[in-house]
Amino acid sequence: MIPPGGTIGVLGGGQLGRMLAQAATRLGYRVHVYEPQANGPAGAVAHAETNAAYDDVAALTAFARGCDVVTYEFENVPAAPLRAIASLTRLHPHWSVLATAQNRSREKNWLRANGFPHAAFAEVAAGADLAAGAREVGLPCVVKTADFGYDGKGQLKVRSEADLPAATARFAGQPVVIEQFVDFACEISVVVARSEKAAVRVFPVAENIHTNHILEFSIVPARVAPAVRAAAEKLARLVAEKINLVGVLGVEFFVTPDGHVLVNELAPRPHNSGHWTIDACVTSQFEQQVRAVCGLPLGAVELTAPAVVMVNLLGDAWRDRAPDWSTLLAQPQVKLHLYGKAEPRPGRKMGHFTVTARDADMALELARKYQARL
Ligand SMILES: Nc1ncnc2c1ncn2[C@@H]1O[C@H](COP(=O)(O)OP(=O)(O)O)[C@@H](O)[C@H]1O
Ligand SMILES: [Mg+2]
C-alpha cells in the first residue's frame, strides 16, 4: 500500500488528470504530472509538473524514480516508453492494458478473443483494399483509424457503395478498422475499478447521448431495462478481470433495439461519462482510481441522489466570451466544474455541470433547460 503522503505520478495533463489530482490531494497524496504541453488543466492543481515528450526517456526516468506509483489519464501515451518505466516504479494499469485499448485493431481482437459481444468488424492494413473490407462487413459501416481516435475524430460513416471512393481516399495509407454500423437504441457505459487484491467495484450504469460524436449528456440511472443494466455491469466486471486491471476503466456499450449489449470501446482511465460520480456518488471515479493504484480499499459506489445528469461544456458555448454562469450557479441542485483551459475551441471540453433530481427524466429536463440558458 502507498499511504497518503506518497507521490502519485500522472501521465497526461488534461481534465481527467486535474480531477484525479484534486481527489488525490484531498486524500493527502502528492501529485506529479507528466505532460508534453505547459499550462494544462492538471499541472495547475498538481504539486509538480514535468513538460517533456512522452518518448523522452531521460525525463520519464527521472519522473518515474520520483513517484511511488504512476498511472495515466490519457490514452495515447505511447506504450513503448511506458513499458520502459515499468521496471522503475509501480505502473497501474499495466502498460499492456493501454497498448490493447489505444489501438482499435488490438482492442477489437482482444474483445473477440475473450468472447465479448461486439459489432462485426474487419481490419484493413495501410494501403490495402478498404472497399473490400467494407463489403465484407456490410454497408452501412463506420471506418475508424486504428490509432489516435477520440470524440469521433478519425471516423467516417459509409452509407452506401457511392461513399466508398471518398472513404478510400480519406484513409489512404492508414490502417483502419471497419465496423458494422449499429443502429442502436441507446448508448450506455460503465466505469469499473479493480484493485491489486482483485476487489472489483462497478459504478452505476450511465446512459449517454452523443452529439456530433462528442458526449453531450450522461444520465444516471440509465433508462434501460434491468436486464440490460445487469448485462453491462457483468461485462464490465469481466473486462476488468480478464484484462487484469489495476485502476479504473470505462467500458462503452451499444444497446441494440432487441436489448443486446455490445462492447464499443475500452478506456483504461476515468471516463467522461463517469464525471457525475464527483457530485452524486459516495466515491468518485477519480478517488477510486487513487484508491486502486495506491492499494487502498475501494470505496462504495452507491448514488447519493435519486438521479443525476452530466452536461459537457464545449468551447462552442464561449464564442467570444465565457458564458454567464450566474443563472446556472443559482440553481441549488447544480454543480459546475471548469477545467481552467485558456482557449475555448469548438468541440473542446472546457468543463461540465451536473444536475441532480428526483428521477432521470426530470434531471435531463432541467439539464437541457440550464444548458439552453448558457
Ligand atoms: N459502429 C458504430 N455504429 C454506430 N455508431 C457508432 C459506431 N461507432 C461509433 N459510433 C458513434 O460514434 C461515437 C464515437 O465513436 P467511438 O468508437 O466511441 O470513438 P471515440 O469515442 O474514440 O471517438 C460513438 O459513441 C457512437 O455514437
Ligand atoms: Mg467512444
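A residue is termed buried if 20 or more other C-beta atoms, placed from the backbone, lie within 10 Å of its own. The structure is a predicted model, in which local features need pLDDT of at least 70, side-chain atom pairs count only at pLDDT 80 or more, and totals for chains, interfaces and linings use all residues. Residues are numbered from 1 along each chain as its sequence is written, and chains are lettered from A and ligands numbered from 1 in the order in which they are written.

Helices (H or I, at least four residues) and strands (E, at least two) are DSSP runs numbered from the N terminus. Strand E1, residues 7–11, is mostly covered, with 4 of its 5 residues buried. Two strands pair if DSSP finds at least two bridges between them. E1 runs parallel to strand E2 (residues 30–34), to which 5 bridges join it, and Ile8 stands opposite Val31 in E2. From E1 the chain passes through helix H1 (residues 15–26) to E2 in a right-handed β-α-β crossover; right-handed denotes a clockwise path from the first strand over the helix to the second, with the strands pointing away from the viewer. E1 is also parallel to strand E4 (residues 69–72), through 4 bridges, and Val10 has Thr71 in E4 as its bridge partner.

An open sheet of 4 strands shows antiparallel pairing in the order E6-E9-E7-E8. Its edge strands, E6 (121–124) and E8 (155–158), each pair on one side only. Strand E7 (residues 141–145) and E8 are antiparallel and joined by 4 bridges, and the bridge partner of Val143 is Leu156 in E8.

Methods
Buried ≥ 20, exposed ≤ 12 C-beta atoms within 10 Å, placed from the backbone.
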